[in-house]
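We will walk through it one stop at a time.

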Amino acid sequence: MKLNIMKKLFLMAFLPIIALVIYSSNYLTQKYSGLQKSEASISKLNTLQLTSNLIHELQIERGVSVSILNNVKNDYFSALHKTQTTKTDTRILQFTSHLQHAQLLKTSQTSLPILHKIKDSLQNIHTYRDLLKSNQIDSQEIFDYFTTINADLISLFSSLKLFSYLHTRDTDISSLISLIKLQELAGQERALVAKLIVSPDITA
């Protein structure tokens, strides 16, 4: 009889402990999963910022390069081009260095193909600059090169999904992506208008 009472007391004391351990384990698992998602989101936010910075510098270099090839104030734009290429290269280095340590992109099947294409395109930037200096490329080719990179960067930008409990943050990021797209369209328009201005036939 005493043994049965002891067993009952043991079970009464032990079962709540088991339940507490299970609950604690599930709680910690959920918190750890949330932490991992939050860390990934922070890395993605850094990627968004660096991508936005790179797009901006590439837009400027595209405009300057097209202006040089269109023979618009060549002395001014040639000097500006030297300064701008340094700024662009700095942003490229920041972007590529970040991606080497961004685990989120190493495992993202959606982003990887775009990322590889961007890396290949950025590696060719010096070739296009050399062609520009030797006047062996026309403004349409240089325009297409930079525009394609920016389109791929925007695709990468848009493919990054962020973990957030805040609807306002998701809305802010969507607005930022839309703003970058509008800035790119405006940059394309400026470059095309510059080309039309110097064209012998304004309808070309």
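**Stop one: the largest pocket**

The largest pocket has a volume of about 320 Å³. A pocket here is an open set of points on a 1 Å grid over the protein atoms alone, where a 1.4 Å probe fits, with protein on both sides within 12 Å along at least five of seven lines; its volume is the space filled by probe spheres set on the points. This is a predicted model: local features need pLDDT of at least 70, side-chain atom pairs count only at pLDDT 80 or more, and totals for chains, interfaces and linings use all residues. Residues are numbered from 1 along each chain as its sequence is written, and side-chain values use heavy atoms, leaving out hydrogens and water.

Select Ile68, Ser78, His81, Leu132 and Lys133: of the 14 lining residues, these lie nearest the centre of the largest pocket. Lining residues have an atom within 4 Å of a point. Helices are DSSP runs (H or I, at least four residues), numbered from the N terminus.

**Stop two: the second largest pocket**

Now move to the second largest pocket, with a volume of about 160 Å³. Select Gln59, Ile60, Gly63, Gly187 and Arg190, the closest to its centre of 11 lining residues. Helix 1 gives the most to this lining, with 6 residues.

**Stop three: a loop residue**

Finish at Asn135, in the loop between helix 5 (125-133) and helix 6 (139-159). Asn135 has a positive phi of about 55°, although it is not a glycine.

Notes: Helix = DSSP H or I, 4+ residues; strand = E, 2+ residues; numbered from the N terminus.
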